[in-house]
Amino acid sequence: MTIMKKLLTSAVASAMMVGGAQAEISNNTVKIGYLADMSGTYRDLAGPNGLSALEMAVADFGGTVKGAKIEIVTADDRNSPDVASSTVRRWLENDNVDMVAGLVASSVTIAATKVIEENNKLGLVNGSAASSITNEHCTPNHIHYTYDTYPLSVGTPTAIVKEGGKSWYILTADYAFGHSLESDVTRMVESNGGEIVDSIRHPFPTPDFSSFILQAQASGADVVALANAGADTTNAITTASEFGLTQSGQTLAALLLFLTDVHALGAETAQGIQLTTGWYWDKDKEARAWSDRFMKETGVRPTMVHAGIYSSTIQYLNAIEATGSDDSQTVRKQMMDTPINDMFTKNGRIREDGRMVHDMYLAQVKTPEESNSEWDLYKILRTIPADEAFRPLSDSKCKLVSSN
Amino acid sequence: MSMIFGVPMAVLSGQLLIGIINGAFYALLSLGLAIIFGLLKIINFAHGAMYMLGAMATVIMFDALDVNYWVALFLAPVLVGIVGVFVEYFLLRRIAGQDHIYSLLLTFGVALIMQGVLTNIYGVSGLRYAMPDMFKGGVNLGFMFMPYYRAWVIVAALLVCFGTWFMVEKTKLGAYLRAGTEDSQLMQGFGINVPLLVSLTYGFGVMLAAFAGVLAAPIYSVTPVMGSHILIVVFAVVVIGGMGSIGGAIITGILMGVVEGLTKTFYPPASSAVIFLVMVIVLMIRPHGLFGKES
């Protein structure tokens with residue numbers, strides 16, 4: 001009898017706890033943990049300025065949501081999955097963090113989202129590129145927002161193959177992101193009638209690309225594609241131009257370039273390069289207005305990641321405002337039910353696999369003559385509609401997709 | 001076309017040449033480390049940061065004052081050398097004679113501070129530095145396209161390496177240096193200012209790093225973190241060559257550039273690890289390094 005009673009009370013108690021979590025904000029505080037590379041290769045594309053974007057979103061809410069205080073904690077993941085999982089574990093288990101924002105290197109994100117899933121909290125992924133994050137690595141506890149390798153492979157490679165670049169040689173950063181990008185690009189090039197001649201997996205990071213560029217030149221491929229990011233990409237582009245890669249008739253394709261990379265290379269070196277991006281600061285009036293605010297805070301123009309961090313945080317806080325709860329599943333469902341219309345995108349929506357699908361853009365770096373100012377760097381060649389840009393759910397390996 | 005292990009001969013020759021060019025950088029950097037360790041017994045973890053300072057100074061002086069490449073090639077190492085003398089005089093001198101670990105930690109701290117401050121100011125995306133006009137373009141060697149600048153890197157690095165080796169091993173100044181660090185009291189007695197000699201030696205060692213930094217500015221992306229990537233590799237080179245062996249550092253530097261270059265051809269994913277593999281093997285067979293003397 002006593003056992004029965006105990007069981008009953010604990011069942012009632014746990015039912016109340018679940019019910020309670022859905023109806024209110026835990027600790028009367030919404031605590032956001034910002035995890036990003038704050039000092040290494042990926043610092044500029046997210047880093048401290050991403051934190052500023054997050055703070056701008058919180059400031060828009062006046063620092064509170066539904067009467068609960070919004071707090072931000074921050075950590076440098078140093079691009080290490082180990083550092084990331086131990087930090088996130090501490091945040092979620094001891095420090096009552098409700099949502100993890102930032103999330104840059106794909107390997108870091110895959111490690112961190114596992115911990116977030118174990119603790120049933122929420123992660124809003126903005127910096128990472130690997131499309132596997134909402135495919136084989138999908139969880140009910142994260143949303144991948146800004147872009148991924150799938151649209152990167154749809155945008156630039158398709159355009160280049162159509163212009164006649166049939167044989168491809170890929171230089172791949174040897175970790176989760178590079179592998180993911182390489183496989184997405186391979187599929188896209190082959191389905192458009194091109195072929196992959198060979199690929200090289202280079203260590204991350206690589207300071208000197210001359211050896212790899214030389215091998216790419218010797219391959220005789222029409223296109224040399226860079227499936228890497230950040231300083232690796234800018235280093236490879238500089239070395240390619242030094243070794244006269246494009247003068248000898250090969251096309252150089254950078255599959256992932258951020259505004260900060262192009263800014264570092266300068267219009268002189270980078271002119272004419274085609275790239276795929278999820279957002280551009282000068283794409284419309286709303287984007288420009290927000291970018292002006294961002295520039296006042298930081299002194300630079302925002303990358304697509306900065307814009308994604310701001311936009312996704314606003315969506316997150318809106319969902320808490322609407323439901324009055326910071327429970328991860330309640331918030332995630334509310335976010336999925338609400339179309340996104342803001343400075344980031346129009347009619348964006350979050351799918352069941354956690355992928356936020358929205359229009360992407362094929363852009364080209366302006367020539368120094370076309371560029372009116374330091375940050376006036378892209379012209380948009382084509383809008384890639386959301387349905388074409390992202391992996392269709394019918395191809396998904398995600399366990400959350402109902403057909404699987 | 002003739003093939004070696006499935007790689008065309010032409011590609012292989014190109015990779016050997018690239019290996020020598022990268023080796024020239026390793027040689028310059030490890031030479032400075034070897035001098036500082038060999039003569040002063042300081043494990044200089046700030047060496048990568050000094051290399052970075054050389055490159056950053058080149059870009060910043062160009063942007064702010066229009067200082068051209070040739071002036072920078074001289075001026076940047078001198079400025080960094082002065083920074084080095086300050087570090088030696090105000091910091092390292094206070095822990096002279098202590099265990100090696102103290103100099104390692106101190107210089108590591110100095111490196112982190114320099115890197116952190118500059119990262120806050122300049123970010124990590126890299127600063128632009130245009131190739132000097134006279135080095136634009138290159139020559140087709142048949143098996144590869146050789147940019148003029150890379151050829152210049154080999155010439156400049158080898159000249160400086162040889163000059164340094166000659167000065168330390170073959171001149172009177174070098175003899176004073178070696179003697180001064182061996183028995184400083186005796187040398188003081190001969191009227192030689194040993195503390196000054198120590199400061200200048202440290203300054204000279206980091207000048208070599210800064211010189212490598214200037215050479216790197218037009219071809220690598222110049223960022224505050226560029227030194228931290230290369231530092232550990234260069235330490236491995238010095239260990240393989242034998243801590244403190246000056247000739248050993250030069251030869252091993254070039255050799256490791258070639259080994260790394262060949263790995264990039266045959267199995268690229270291992271290219272960042274191969275030097276450490278060589279280090280382990282060398283330490284197992286010859287614990288004092290390839291060219292080190294048993295002490």
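**Confidence, fold and contacts of the predicted model**

In chain B, the mean confidence is lowest in strand β1 (residues 3-4) of chain B, at 71, and highest in helix α3 (residues 69-90) of chain B, at 96. These values are pLDDT, the predictor's confidence in each residue on a scale from 0 to 100. Helices (H or I, at least four residues) and strands (E, at least two) are DSSP runs, numbered from the N terminus. Chain B has a mean pLDDT of 90, with 99% of its residues at 70 or more. The model scores are ipTM 0.84 and pTM 0.84.

The model is predicted: local features need pLDDT of at least 70 and side-chain atom pairs count only at pLDDT 80 or more, whereas totals for chains, interfaces and linings use all residues. Residues are numbered from 1 along each chain as its sequence is written, and chains are lettered from A and ligands numbered from 1 in the order in which they are written.

Chain A contains 13 helices and 15 strands. Its C-alpha atoms fill a box of roughly 85 × 45 × 35 Å along the principal axes. The radius of gyration of chain A is 22 Å, which agrees with the value near 22 Å for a compact globule of 404 residues; the radius is taken over C-alpha atoms, and the globule rule is 2.2 Å times the number of residues to the power 0.38. Of the 404 residues of chain A, 57% are buried (20 or more other C-beta atoms within 10 Å of the residue's own, with C-beta atoms placed from the backbone). Among contacts in chain A between residues at least 6 apart in sequence, 72% join residues at least 24 apart; a contact requires C-beta atoms, placed from the backbone, to lie within 7 Å.

The domain assignment divides chain A into domain 1 (24-147 + 284-357) and domain 2 (150-277 + 360-389), with bounds from an automatic or database domain assignment. The C-alpha centres of the two domains of chain A are 27 Å apart. In chain A, 17 residues of domain 1 are in contact with 21 residues of domain 2. Helix α4 (residues 106-118) of chain A gives the most to the domain 1 side, with 3 residues. This side comprises 9 nonpolar, 6 polar and 2 charged residues, where Ala, Val, Leu, Ile, Met, Phe, Trp, Tyr, Cys and Pro count as nonpolar, Asp, Glu, Lys and Arg as charged, and the others, Gly among them, as polar.

The contact between the chains takes 32 residues from chain A and 32 residues from chain B. On the chain A side, β8 (195-202), α7 (210-219), α8 (230-242) and α9 (259-270) of chain A give two or more residues. The chain A side divides into 10 nonpolar, 15 polar and 7 charged residues.

Note on methods:
Two residues are in contact if their C-beta atoms, placed from the backbone, lie within 7 Å. A residue is buried if 20 or more other C-beta atoms lie within 10 Å of its own, exposed if 12 or fewer, and partly exposed in between; C-beta atoms are placed from the backbone.
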